[in-house]
Amino acid sequence: MIKNRAASLTLIIFIYVLAAFCGLFTYNYLTDIYSFSYQVALFIADVLATVLVFIFSLIFKNASVYDPYWSVQPPVILGIALAKVSGTGANGGAGLLCGLLFAAVLFWALRLTANWIYNFESFEYQDWRYVMLKEKSGRLYPLVNFFGIHLFPTFVVYLCVLPAVTAIAEGAAFRPACLIFIILSFLAAVFQGIADVQMHRFRASGAGGFIRTGLWKRGRHPNYACEILMWWGIGLASVYALGGQWWLLTGALVNTLMFLFISIPMADKRQSRKPGFVEYKKETRLLF
């Protein structure tokens, strides 16, 4: 077990660079040699990169090796899509839309990854949710680890970023209304960052109990609310630019349901151990 923070971060970076090259090689191989569609090739490449990260999580006996994948995956996927269309001379409305979508996702990704780095201690740390799942699943944990902790989030985020990938790949033209949804995504990332900073300060104060200040004053999960809004913004901007293809909003919907029925109930259950949770729950809304 590597206890040094700098050494642990360096190794994590190596793992993700390796995963990115694995995904890129797979994507190019499937599209150039076997003429797979970009959607299928990206999905297979994404899954193989996840498997590689999963293998390292087994080596280090820590599922949190996967944690940064949530924020690293989308800009890499969009970067691949942009690289593929760059040679087609996309300009004007299409070029503007590509740039704005990528900028919004990159801004969100950098902020969320920075938050992960801030919280990361070393390979000694593992997300409390994974520890809980391991205790509850027992012998089935290897399956829960692969399908629940690794593969399911990969699938969800892939669906979330797919609208932007499709808009870029199909040269969708920028429409003025797209800007409203892209601004929504930017603002969601900004307020998610504010919520995280407020939480960091609360924990550092050692006050204990429940945070009741800032964005957390009336809502129990403003950070999750912003994550949900982020992907609805990207999805709606992309679908509107494409002139339809509403099925592409499946990702934003699944992401919303995941937070409402999995992430938030798990967090609330953990919080319920604290005295006064019943009153706190009555006095605060679920999200904002």
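User: What follows H6, and what's going on with its phi?
Analyst: Gly 171 comes after H6, and its phi is positive, near 65°. Helices here are DSSP runs of H or I with at least four residues, numbered from the N terminus. Keep in mind that this is a predicted model, where local features need pLDDT of at least 70, side-chain atom pairs need 80 or more, and totals for chains, interfaces and linings use all residues. Residues are numbered from 1 along each chain as its sequence is written, and side-chain values use heavy atoms, leaving out hydrogens and water.

User: Where does H6 bend, and by how much?
Analyst: At Val 161, by about 40°. That's the angle between axes fitted to the seven residues ending there and the seven starting there. A proline, Pro 163, follows within four residues.

User: Which residue other than glycine has a phi near 50°?
Analyst: Lys 61, and that phi is positive. You'll find Lys 61 in the loop between H2 and H3.

User: Why does Lys 61 count as exposed?
Analyst: Its relative accessibility is 72%. Exposed means over 50%, buried under 20% and partly exposed in between (1.4 Å probe, protein chains only), so Lys 61 counts as exposed.

User: What makes Gln 245 count as it does at 29% relative accessibility?
Analyst: With 29%, Gln 245 falls in the in-between range, so it counts as partly exposed. Gln 245 is in the loop between H8 and H9, and although it's not a glycine, it has a positive phi of about 55°.

User: How do you know whether Thr 250 is buried, exposed or in between?
Analyst: Thr 250 has a relative accessible area of 35%, so it's partly exposed. Thr 250 is in helix H9, and its C-alpha atom is 25 Å from that of Arg 285, 35 residues apart along the chain.

User: How many aromatic pairs does the structure hold?
Analyst: There are 19. Rings of Phe, Tyr and Trp (its six-membered ring) pair if their centres lie within 6.5 Å; planes under 30 degrees apart are stacked, over 60 edge-to-face, and the rest tilted.

User: Why is the pair of Trp 70 and Phe 259 called edge-to-face?
Analyst: Their centres are 6.3 Å apart and their planes make 80°, so the rings pass the distance limit and the angle is over 60. Trp 70 lies in helix H3 and Phe 259 in helix H9, so the pair ties together parts 189 residues apart in sequence. Trp 70 and Phe 259 are both buried. Elsewhere, ring pairs link Phe 25, Tyr 29, Tyr 34 and Phe 36 into a cluster.

User: Which residues lie nearest the centre of the largest pocket?
Analyst: Asp 127, Trp 128, Arg 129, Asn 223 and Tyr 224, out of 50 lining residues. On a 1 Å grid over the protein atoms alone, a pocket is an open set of points where a 1.4 Å probe fits, with protein on both sides within 12 Å along at least five of seven lines; lining residues have an atom within 4 Å of a point. H9 gives the largest share of the lining of the largest pocket, nine residues.

Technical notes
Helix = DSSP H or I, 4+ residues; strand = E, 2+ residues; numbered from the N terminus.
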